[in-house]
Amino acid sequence: PPQPDEAPPPPLASVPVPWKNVGSCKGHRESPGSLVEASAGEEAQGEEEPAAAPLDVSRLRSSSMEIREKGSEFLKEELHKAQKELKLKDEECERLGRVRDQLQQELEELTASLFEEAHKMVREANMKQAASEKQLKEARGKVDTTLFAEFQAWRASPMLDKACPFLERVYREDVGPCLDFTMQELSALVRAAVEDNTLTIEPVASQPLPTGKAAEVDCGSANTCALSGLARICRHRIRLGDSESHYYISPSSRARITAVCNFFTYIRYIQQGLVRQDAEPMFWEIMRLRKEMSLAKLGFFPLEA
């Protein structure tokens, strides 16, 4: 602090120099003389700085322009690459588009060709079916007319005589072939028994011997058909008339015999006047029974047979 007899220092605001940081000095303030010297030194240094500033600015400008030119060239190269790739992709898209259009056209042509071919095949099939149905109808009309006329003639005087045209046809076309087995001798006996209505078919089972009668005689084995001679499991056996002999038969042989028996049973009912129908329903029932004989002859029969 100043002594009382000394003059006070000039105010700080009158000194046009900035304060200088004294660092680690505590509570110490420079003297006015030192402030003036420092200000003069800074002014001298300030006069030297403007000379170096233009060099730094020009150098920065040159570097900036160089960087800008390199960046521009890089961007141009990238843009050129992108445009080239885009062009290739456009060409690929055009090629794929042409392929798609070509495939679509070929598919449409193939679809039209297939549709036309299918329509043609259906038309030809319909024409063939119509022609076949017409021929079948004409043939059936001729056959049915002849058969129906023969049936009506037999129905006017029903009998079991083979000489009449109706039964002679049925014997020749259905009954005879259906009862024609490998064992000819036994086949003839079976046919006679069917015509006389004296044939019995019974399942194979443990049956008690009839009282007061001779023991029944089994002809053959339960594993061999007596009519066809083939090794078959026989679940039924037949008896002819009053004979005590039994013959084992296979399911196929039983179906054939049963089909013929059903036919003879029906025409016996007609002969006895038990069927009270018009001629046409009777005729079609006989046709159905003839169909059953034909199927049995070919080996088609129910499994339960």
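At 17% relative accessibility, E150 counts as buried (buried means under 20% relative accessible area, exposed over 50%, partly exposed in between, with a 1.4 Å probe and protein chains only). E150 sits in helix α1; helices here are DSSP runs of H or I with at least four residues, strands are runs of E with at least two, and both are numbered from the N terminus. Leaving out residues up to four places away in sequence, E150 touches P165, F166 and R169, where contact means heavy atoms within 4.5 Å.

A word on the model: it is predicted, so to speak of local features pLDDT has to be at least 70, side-chain atom pairs count only at pLDDT 80 or more, and totals for chains, interfaces and linings use all residues. Residues are numbered from 1 along each chain as its sequence is written, and side-chain values use heavy atoms, with hydrogens and water left out.

As for the overall layout, the chain has five helices and four strands, running α-α-α-β-β-β-β-α-α along the sequence. Of its 305 residues, 22% count as buried. The accessible surface comes to about 22500 Å², and 56% of that belongs to carbon and sulfur atoms (Shrake-Rupley method with a 1.4 Å probe; for residues, only the protein chains shown count as cover). Among contacts between residues at least 6 apart in sequence, 62% join residues at least 24 apart.

The largest nonpolar core holds 43 residues, and those with the most contacts inside it are V175, V190, I257, F263 and I286. Such a core is a set of buried Ala, Val, Leu, Ile, Met, Phe, Trp, Tyr and Cys residues joined through side-chain atoms within 4.5 Å. At least two core residues come from each of α1 (32-156), α2 (165-178), α3 (184-196), β3 (236-240), β4 (245-249), α4 (251-271) and α5 (279-297). Beyond its neighbours within four places in sequence, I257 is in contact with L179, F181, V190, V194, L199, I201, L227 and I249.

Aromatic rings come next. A search of the whole structure turns up eight aromatic pairs; rings of Phe, Tyr and Trp (its six-membered ring) pair if their centres lie within 6.5 Å, with planes under 30 degrees apart counted as stacked, over 60 as edge-to-face and the rest as tilted. The ring centres of Y171 and F264 are 5.7 Å apart with the planes at 70°, so this pair is edge-to-face. Since Y171 belongs to helix α2 and F264 to helix α4, the pair ties together parts that are 93 residues apart in sequence. F264 also forms an edge-to-face pair with F263, at 5.6 Å centre to centre and 75° between the planes. Y171 is buried at 8% relative accessibility, F264 at 3% and F263 at 0%. Elsewhere, ring pairs link F148, F151, W154, F166, F283 and W284 into a cluster.

A192 and L240 are 48 residues apart in sequence and 9.1 Å apart in space, C-alpha to C-alpha. After α3 comes N197, with a positive phi near 65°.
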